[in-house]
Each structure stands twice: as structure tokens, then as C-alpha cells.
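Notebook open, model loaded. I want to go through the helix packing, then the sheet, then a few single residues.

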Amino acid sequence: MTAHLNVDIQVTDRTKFMQYAKGVQVTVNPFGGKYLCKWGVPEALEGEWDPRRIVIIEFPTSTQAKKWLDSEDYRPLKALRREASTARIALVENQ
């Protein structure tokens, strides 16, 4: 069952964030992840919703998504992302 990692991200340090962006793709691939939406600017159509930029990554399973988030290869990039941005992340399994 596929799972989607949905990220609402606001970049606060563009220089550091570009370092993150250059390295992250290679860490996603071994876990079967693929980007469905990369840095999209959302348009709210209904309700109160104010996301900044949206990233959606599809993984084969929620387990793979969680393994990627906790992986040794992603760990230093995660620290860099946290220095360069604020994010809200949600994992959704397709039913």
C-alpha cells in the first residue's frame, strides 16, 4: 500500500536550504521514494488553509517513508533542513 509524505515548508535560510535540496533526492531513491510535487506553491480553494510550499513524496509503504526519515544518510540533511526552514510533515497511507 503506497504512502505519501506531505510536507508544508517555509524556507527561512535560502542558502542553507539549497544545500539541503541538492542532496536530498539521492537519499530518497533507495527507499523507493519519488517526488510527486516538488516545491509547489499552493492555491487554497476552500476553507482556512495557508501552506507555504508543498512537497509530496510517494513511497511504496509507510514503513519505507519512516525508514527514510530516520535513515543515517538523511540525518545530516534533516538537521540542515531544520536549520534552514520550518516544516509540517504528515504521512498518509492510500487505502
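**Helix packing**

I started with the contacts between two helices: Lys16, Phe17, Gln19, Tyr20, Gly23, Val24 and Thr27 in H1 meet Leu77, Leu80, Arg81, Glu83 and Ala84 in H3. Contact here means heavy atoms within 4.5 Å. Helices (H or I, at least four residues) and strands (E, at least two) are DSSP runs, numbered from the N terminus.

The axes of H1 (residues 14-28) and H3 (residues 75-84) come within 9 Å and cross at roughly 150°. Axes are lines fitted to C-alpha atoms, for helices over the stretch in contact, and angles run from 0 to 180 degrees between N-to-C directions.

**Model and confidence**

This is a predicted model, so I kept the ground rules at hand: local features need pLDDT of at least 70, side-chain atom pairs count only at pLDDT 80 or more, and totals for chains, interfaces and linings use all residues. Residues are numbered from 1 along each chain as its sequence is written, and side-chain values use heavy atoms, with hydrogens and water left out.

I checked pLDDT, the predictor's confidence in each residue from 0 to 100. The protein's mean is 94, and 100% of its residues reach 70 or more. Which elements have the lowest and highest mean pLDDT? Strand E2 (residues 34-40) is lowest at 88, and helix H2 (residues 62-69) is highest at 98.

**The sheet**

I traced an open sheet of four strands, in the order E2-E3-E1-E4, with antiparallel pairing. E2 and E4 (85-93) stand at the edges with a single partner strand each, so one side of each has no neighbour in the sheet. From one strand to the next, the twist averages 15°. H1 packs on this sheet, touching E1, E2, E3 and E4, and its direction makes about 165° with that of E2.

Then I went through the pairings; two strands pair if DSSP finds at least two bridges between them. Seven bridges join E1 (residues 3-11) to E3, running antiparallel. Asp8 has Ile54 in E3 as its bridge partner, and Leu5 stands opposite Ile57 in E3. E2 and E3 are antiparallel too, joined by four bridges; there Lys34 has Glu58 as its partner in E3.

Is E3 largely enclosed or left open? Five of the seven residues of E3 (residues 53-59) are buried, so the strand is largely enclosed by the rest of the structure. Buried means under 20% relative accessible area, exposed over 50%, partly exposed in between (1.4 Å probe, protein chains only).

**Single residues**

Tyr35 sits in E2 and counts as buried at 18% relative accessibility. Beyond four places in sequence, I found Tyr35 in contact with Val24, Gln25, Val28, Val55, Ile56 and Ile57. Tyr35 and Leu5 are 30 residues apart in sequence but 9.5 Å apart in space, C-alpha to C-alpha.

Phe31, in the loop between H1 and E2, is buried with a relative accessible area of 18%. Setting aside residues up to four places away, Phe31 touches Phe59, Pro60, Gln64, Lys67, Trp68 and Ser71. Its C-alpha is 21 Å from that of Gln19, twelve residues away along the chain.

Last I looked up Lys78 in H3. Is Lys78 buried or exposed? Lys78 is buried, at 14% relative accessible area. Apart from residues up to four places away in sequence, Lys78 touches Leu69 and Asp70.
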